[in-house]
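Trainee: Please take a close look at one part of this structure, the salt bridges, and go through the surroundings of the side chains involved.

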Amino acid sequence: MNRKYMIPLLGTFLCWGSVYVASKIAMGTIPPVTLLALRYIVAVPALFLLLKIRGALRPVEKRHWGTLFAIGFTGYFASFCLQMLGINRLTGSVSSLLGAMNPIFIPILAAFFLKERLTLAKVLCVAVSMTGVVIIVGVDGAVDPAGAALMLLSVFLWSSTSIIIRRLGGKYDPMQVAMMAMLVALPFTGAWAAIELQTSACTFALPSVLAVLYMGLVGTATAHSLWNYSLSKMDASFCSMFYPLQPLTASALGVLILGEQITPDFLIGGVIICCGIVAAVRSKK
């Protein structure tokens, strides 16, 4: 494997980890689904401009429209709407840690959709990581259970989307895949945001505006282009091995910027989840 492919993969998770902290800043004045719609409004023109400058925009074949719609609706609408709602109820550290569980779901989904064998080792890996989740969430209500459930459902949907992206086989530029998926998701996200704004206040303070711009340009346009590029060059299971970088980045930034506290349960649960993730990837390999 060419090691140069590791650079965009590392960049993906560093960007995604920072998004959790930026989201907490922006949600101080902007409702969660509205924030997601604003991310796409910023990201889509940026991606289109870059594609035009590079001359990488190509017509979409008719047979691929269904796949692109599935990517946009399942991943960029349903998954990320649930993610934003979950982040709104959790700290940046906890939400990012739960969001890093994609490698646990991918082997299960691969067994159903790619006809891969679901071994006992894979089942044990899932059990180990879920034990880590229970430790973090706790039984005393310290972590909002609804927020944790939203994050886990979001992870499941995004894992499904990552497998669908692999079906395109690198036929389009990763930036174009991300842009088309966001265009599919934007009407649905915008409609939900319009309903949300009927009952939730929305103001544009300077920190929120800067956070939205960062999330749109770096956390969405850049990160998803890097992720789609990585999926076009490497196996999804190998790419998913780097998800632990996401909560580590978010936790460090959460402490430095948001003043969040890292509890012993978080550290213990985090180590257990990471062990389950690494074991799942090794089993998949």
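**Salt bridges and their surroundings**

Mentor: Start with Asp144 and Arg89, whose side chains meet in a salt bridge with an N to O distance of 2.9 Å. A salt bridge here is a side-chain nitrogen of Lys or Arg within 4 Å of a carboxyl oxygen of Asp or Glu. Asp144 lies in the loop between α6 (120-137) and α7, and Arg89 lies in helix α3 (residues 65-89), so the pair ties together parts that are 55 residues apart in sequence. Helices are DSSP runs of H or I with at least four residues and strands are runs of E with at least two, numbered from the N terminus.

Before going on, note that this is a predicted model, in which local features need pLDDT of at least 70 and side-chain atom pairs count only at pLDDT 80 or more, while totals for chains, interfaces and linings use all residues. Residues are numbered from 1 along each chain as its sequence is written, and side-chain values use heavy atoms, with hydrogens and water left out.

Both partners of this pair are partly exposed: Asp144 has a relative accessibility of 24%, and Arg89 has a relative accessible area of 45%. The classes are buried (under 20% relative accessible area), exposed (over 50%) and partly exposed (in between), computed with a 1.4 Å probe and protein chains only.

A search of the whole structure finds 4 salt bridges. One of them joins the side chains of Arg54 and Asp173 at 2.7 Å, N to O. This pair also links distant parts of the chain, with Arg54 in helix α2 (residues 32-54) and Asp173 in the loop between α7 (145-166) and α8, 119 residues apart. Arg54 is partly exposed because its relative accessible area is 48%, whereas Asp173, at 15%, counts as buried.

Next comes Glu61, whose side chain meets that of Arg58 in a salt bridge of 3.5 Å, N to O. Glu61 is partly exposed at 28% relative accessibility, and so is Arg58, at 36%. The two belong to a network of salt bridges that links Arg58, Glu61 and Arg63.

The backbone oxygen of Arg58 lies 2.7 Å from a polar atom of the Gln176 side chain. This falls under polar contacts, pairs of N or O atoms within 3.5 Å; within protein, one must be able to donate a hydrogen and the other to accept it, and residues adjacent in sequence count only if both atoms are side-chain atoms. Gln176 is found in helix α8 (residues 174-196) and is buried, with a relative accessible area of 2%. Leaving aside neighbours within four places in sequence, Gln176 is in contact (heavy atoms within 4.5 Å) with Leu51, Ala56, Leu57, Arg58 and Val60.

What is the setting for these pairs, in helices and strands? The protein has 12 helices and 0 strands. Of its 285 residues, 53% are buried. Of the contacts between residues at least 6 apart in sequence, 92% join residues at least 24 apart.
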